[in-house]
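Morning, everyone. Let's look at charge pairs and a surface patch. Here is the model.

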Amino acid sequence: MLSREEVKQDLEQLKQIVIRHKGADAPLATSTKVIDGIEQPIFTKIPETLHELYRLGLETPDSDFLVYQQERFSFGETFELACKLARLLTGRYEIVKGDRVAICSRNNP
């Protein structure tokens with residue numbers, strides 16, 4: 001279990017990340033858009049695919065990407081796990097580009 005101080009530090013780091021990415025030219029810049037008559041905040045430059053997200057994350061491969069309870073996975077570790085899964089899907093199950101795959105799991109890494 002994380003201590004209050006660790007949670008506070010994590011939240012402060014998240015706050016700093018958000019501040020850095022709010023600029024108009026930032027990789028995860030935000031704007032607003034009217035959707036169904038309601039003005040909503042949206043990401044304007046969000047990666048469109050997991051590949052693009054990993055590419056962005058691999059600029060800092062040792063940074064945390066997934067945090068689940070006491071477990072932390074860096075961008076690099078997560079990318080390696082994704083590559084292993086991809087090799088399994090293509091090698092053992094003969095999944096090819098264009099096939100659709102659904103993964104059913106609990107809400108954790």
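Helices (H or I, at least four residues) and strands (E, at least two) are DSSP runs, numbered from the N terminus. This is a predicted model, where local features need pLDDT of at least 70, side-chain atom pairs count only at pLDDT 80 or more, and totals for chains, interfaces and linings use all residues. Residues are numbered from 1 along each chain as its sequence is written, and side-chain values use heavy atoms, with hydrogens and water left out.

Start with Leu2. Leu2 sits in the segment before α1 (4-20). Leu2 is partly exposed, at 31% relative accessibility. Partly exposed falls between buried (under 20% relative accessible area) and exposed (over 50%), with a 1.4 Å probe and protein chains only.

Now the charges. How many salt bridges does the structure hold? There are 3. A salt bridge here is a side-chain nitrogen of Lys or Arg within 4 Å of a carboxyl oxygen of Asp or Glu.

Take Arg72 and Asp10. Their side chains form a salt bridge at 2.7 Å, N to O. That pair links distant parts of the chain: Arg72 is in strand β4 (residues 71-74), Asp10 is in helix α1, and they are 62 residues apart. Arg72 is partly exposed at 34%. Asp10 is also partly exposed, at 26%.

Arg72 also meets Asp64 in a salt bridge, 2.6 Å from N to O. Asp64 has 42% relative accessibility, so it counts as partly exposed.

Then Glu80 and Arg87. Their closest N and O atoms are 3.4 Å apart, in a salt bridge. Through shared partners, salt bridges join Asp10, Asp64 and Arg72 into one network.
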